[in-house]
Structure formats: C-alpha cells, structure tokens
Amino acid sequence: MNQATFTRFDESTRGDWALIDAHFQHYQNDASRRVLAHLLRLKGDTHGYPVDRYEHCLQTATRALEAGADEETVVCALLHDIGDDLAPANHAEIAAAILEPFIDPLNVWMIRHHELFQGYHYRAFYGLDPHAREAYRDHPAYARTVRFCDEWDQCAFDPNYPTRPLEDFMPMVERVMSRPPFGETTSVEDPA
C-alpha cells in the first residue's frame, strides 16, 4: 500500500501515519534541492540593482564565508533573499520561515529582521528613519544582524566581486537542511 486509507484523521491508524511519515521523511530529505532550485529563480532579474538577486545572494554568502562566519550563517547569507521571487515586500519573513526549522533562533531573527536593519543604508531616501533598527539594540541578535547587513549584505552588489559559485555552498545547504527539523528526531513507528 502506497497511500493511507482514511478519509478523516479520526479514522486513521498508526500504520497510516507510518506510511505518511515515510513519505514525509523522503520529501523532507530533498528540501535542500528544492530550496536551491528556487534560489536559481533569482537569476536574471536585477530589480534595478547592479547585479541580479542570485548574484547578490552568492556575493553575500561569499563575503560571510571569507569573513570566517560559521556554516549555518553562511547558509543564511546565501538564502536570505530567497523570498524575493514570491513576495519582495515580505521576502525576509519567507526566508526566515524556510530556514527556521533548521537553524538557531538568533539566526532566524537575523534573517527575519534584515530588511529593517538594511534600511540603515537607504531608508532616508524614502523619508523613513534610517535608525529604526536602534529599537532592537537590546535584542540578543542585534549585533549579528548589524554585522550581517553592514559587512556582507549591503555591499554585495559589485559586478566585479570575485564571487564563489553555488557549487561551493551546496554541501553546506545540504548539511544544514538535513538536520532534524526543530532539532527533533520524531517519527511514527509502525508496530508491525
């Protein structure tokens, strides 16, 4: 049997859920491939920037890697704008949600807030407060988010920067995204 037989959850059996869990585990184990395929969708569209969003993500990750950031942070740098294709106005929230099951909560916060923190460099041009990030000065992830934005993200628009290729980052993404979601190792066991 390749599918559960219930039509309502309250009619399901442990065997049904063991089958569903096996499918889920297989699908979950392929998450890094799907995320990287989505990253490739950022190729070509510059949104008016000097480089396309894909190149920007690679540059941000390259800068983080060369600055000695840990692997998880490098993966965050690579995928921080992955939501741009779906919802540019809310892209940080999407990227954070994708990564949240696999990364430290402080890095989730960093990705979720990078739009606001990045605004330090351009919000004044829109008549907005460039110092809005100061409202979070006491947050435990404040310094890492400032570093992420100021040292890697905001300066990753250089068409001549020696950017590393995606292949350099693929094993990192695979390792980070192959962690048990939320640090748990739960699965349904079929007693049969």
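Biologist: Which element gives the most to the lining of the largest pocket?
Modeller: In this predicted model, the lining of the largest pocket is made up of 17 residues. Two elements each give two or more residues to that lining, namely α3 (53-66) and α6 (105-118). With three residues, the element that gives the most is α6.

Biologist: Which residues lie nearest the centre of the largest pocket, and how do the residues of its lining divide by class?
Modeller: Nearest the centre of the largest pocket lie Y49, R53, H91, Q118 and Y122, which belong to a lining of 17 residues. By class, the residues of the lining divide into five nonpolar, seven polar and five charged.

Biologist: How much space lies in the largest pocket?
Modeller: The lining of this pocket includes residues from α3 and from α6, and R53 and Q118 are among the residues that lie nearest the pocket centre. The space in the largest pocket is about 470 Å³.

Biologist: Which residues of α6 and α7 meet, and what is the handedness of the crossing of these helices?
Modeller: On the α6 side the contact is made by L106, N107, W109, M110, I111, H113, H114, F117 and Q118, and these meet Y142, R144, T145, V146, F148, C149 and D153 in α7. Sorted by class, the residues of this contact comprise nine nonpolar, five polar and two charged. The crossing of α6 and α7 is right-handed.

Biologist: Are α6 and α7 oblique or roughly perpendicular to each other?
Modeller: The axes of α6 and helix α7 (residues 142-153) lie 9 Å apart, and the two helices pack at an angle of about 55 degrees. Roughly perpendicular covers angles of 65 to 115 degrees, while roughly parallel needs an angle under 35 degrees. The arrangement of α6 and α7 is therefore oblique.

Biologist: How is α2 placed against α8, oblique or roughly antiparallel?
Modeller: Helix α2 (residues 31-40) and helix α8 (residues 166-177) have axes that come within 9 Å and cross at roughly 140 degrees. Because a roughly antiparallel pair needs an angle over 145 degrees, α2 is placed against α8 as oblique.

Biologist: Which residues make the contact of α2 with α8, and how many of them are nonpolar?
Modeller: In this right-handed crossing of α2 past α8, the contact is made by A31, S32, V35, L36, L39 and L40 of α2 together with L166, M170, V173, E174 and M177 of α8. One residue of the contact is polar and one is charged, while the number of nonpolar residues is nine.

Biologist: What is the orientation of α3 and α8 to each other?
Modeller: The axes of α3 and α8 come within 11 Å and cross at roughly 70 degrees. The contact is made by Y54, L58, A61, T62 and L65 of α3 and by L166, F169 and M172 of α8, and by class it has seven nonpolar, one polar and no charged residues. Since angles of 65 to 115 degrees count in this class, the orientation of α3 and α8 is roughly perpendicular.

Biologist: How many helices and strands does the chain have?
Modeller: Along the sequence, the chain follows the pattern α-α-α-α-α-α-α-α, and its C-alpha atoms fill a box of roughly 60 × 35 × 30 Å along the principal axes. The count is eight helices and zero strands.

Note on methods. Residues are numbered from 1 along each chain as its sequence is written. This is a predicted model: local features need pLDDT of at least 70, side-chain atom pairs count only at pLDDT 80 or more; totals for chains, interfaces and linings use all residues. Side-chain values use heavy atoms; hydrogens and water are left out. Axes are lines fitted to C-alpha atoms, for helices over the stretch in contact, and angles run from 0 to 180 degrees between N-to-C directions. Helices (H or I, at least four residues) and strands (E, at least two) are DSSP runs, numbered from the N terminus. A crossing is left-handed if the near helix is turned anticlockwise from the far one by less than a right angle, and right-handed if clockwise. Contact means heavy atoms within 4.5 Å. Ala, Val, Leu, Ile, Met, Phe, Trp, Tyr, Cys and Pro count as nonpolar, Asp, Glu, Lys and Arg as charged, and the others, Gly among them, as polar. On a 1 Å grid over the protein atoms alone, a cavity is a set of points where a 1.4 Å probe fits but cannot get out, and a pocket is an open set with protein on both sides within 12 Å along at least five of seven lines; lining residues have an atom within 4 Å of a point. Grid points are joined across faces, edges and corners, and a volume is the space filled by probe spheres set on the points.
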